[in-house]
Amino acid sequence: MGILIDEGTKVIVQGITGREGRFHTERMLEYGTKIVAGVTPGKGGESVCGVPVFNTVREAREHTDANTSIAFVPARFTSPSVREAIDAALPLVVTIAEHVPVHDMMFCYHLARANGVRLIGPNSFGVISPGKSKVGFMDHNIFTPGSVGMLSRSATNCYETVAMMTAEGIGQSTCVGIGGDMIAGSSFIDLLPDLNADPDTKAVVMIGEIGGNEEEIAAAYIKEHMRKPVIALIVGKNAPKGRSMGHAGAIVSADGFGSAQSKEKALLDAGVLIADNTIHIVDILLELRKNGEI
């Protein structure tokens, strides 16, 4: 079954007439995603890849009964795009842009929570339920249907892991790009309960990073509630303290808060299987498969 999206998901692409929006709309359509509308202010009445374009998200939803939006817009336009999708009462909103201003994202985060909207991103590759639907820009050719749910702050490490899993015949139920910006619309703790309840997900892979406390919060939930094996990789072990390496959220304070060591300790105490690298993730999954757990 997977989580968040499936064959019935009806998608609006915000920014569909732009270069990235147009390109990835075509790729999502190729995969079988039901893209029912696009939105670009002032472009209403046009079409992209056979998809009708509307001037507003509200207009697009009223004409198509869409239930999901993905925003292919620059960082400075992410906040108004997300706010418009939330105002149109879409239950799932995915945003792609990197380095969205922190105050913009804080506003969107709280607005989404107040309205019961699931917000994914920013700086996310999107969401894919292999064989069913994808809402994002990931290369769908490396994904295959299966029973391992994946949550990742890092797109590259997720892709590398998925490619090796697929080569070993280990498929995925749903993969979610949480994103590496400082403020995420949804974190591990928001999505772990969904994977825990999903009957088609037999194990979960978490790819975290240094910085923040998302992994420690997730560890507390896992210890109390998770009924499935969880494998975790924390990347960025060699990053110097006080300096962001790549992702805006990947920064360790001078006192060591947010370090890989503190995260791994919390996860180990929760019974999580800790991987040293992406290859090790696959080795652990192979052992779980050997034992009949996936």
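Me: How many aromatic pairs does a search of the whole structure find?

Reply: This is a predicted model, and the search finds 1 aromatic pair in the whole structure. The partners are Phe-125 and Tyr-159, with ring centres 5.5 Å apart and planes at 50° to each other.

Me: Why is the pair of Phe-125 and Tyr-159 called tilted?

Reply: Planes under 30 degrees apart count as stacked and those over 60 as edge-to-face, with the rest called tilted. The angle for Phe-125 and Tyr-159 is 50°, so the pair is tilted.

Me: Where in the chain do Phe-125 and Tyr-159 lie?

Reply: Phe-125 is in the loop between strand 7 (118–120) and strand 8 (126–129), while Tyr-159 belongs to helix 5 (residues 155–167). They are 34 residues apart, and the pair links distant parts of the chain.

Me: Is Phe-125 buried or exposed?

Reply: Buried means under 20% relative accessible area. Phe-125 has 2%, so the residue is buried.

Me: Next, the charged side chains. How many salt bridges does the search find?

Reply: The whole structure has 10 salt bridges. One of them joins the side chains of Arg-19 and Glu-20, at 3.2 Å from N to O. Arg-19 is exposed, at 71% relative accessibility, whereas Glu-20 is partly exposed at 36%.

Me: Which parts of the chain does the pair of Asp-139 and Arg-27 link?

Reply: These two side chains meet in a salt bridge with an N to O distance of 3.7 Å. Asp-139 sits in the loop between strand 9 (133–136) and strand 10 (145–152), and Arg-27 in helix 1 (residues 19–31), 112 residues apart. Both count as partly exposed, Asp-139 at 36% and Arg-27 at 21%.

Me: What does Lys-263 form with Glu-216?

Reply: Lys-263 and Glu-216 form a salt bridge in which the closest N and O atoms are 3.4 Å apart. Lys-263 lies in helix 8 (residues 260–269) and Glu-216 in helix 7 (residues 214–225), so this bridge ties together parts 47 residues apart in sequence. Lys-263 counts as buried, with 0% relative accessibility.

Me: Which residues are linked with Lys-263 in a network of salt bridges?

Reply: The network links Lys-263 with Arg-153, Glu-209, Glu-215 and Glu-216.

How values were computed
Residues numbered from 1 in each chain as written. Predicted model: local features only at pLDDT ≥ 70, side-chain atom pairs only at ≥ 80, totals over all residues. Heavy atoms only, no water. Phe/Tyr/Trp six-rings, centres within 6.5 Å; stacked < 30°, edge-to-face > 60°. Helix = DSSP H or I, 4+ residues; strand = E, 2+ residues; numbered from the N terminus. Buried < 20%, exposed > 50% of the residue type's maximum accessible area, 1.4 Å probe, protein only. Salt bridge = Lys/Arg side-chain N within 4 Å of Asp/Glu carboxyl O.
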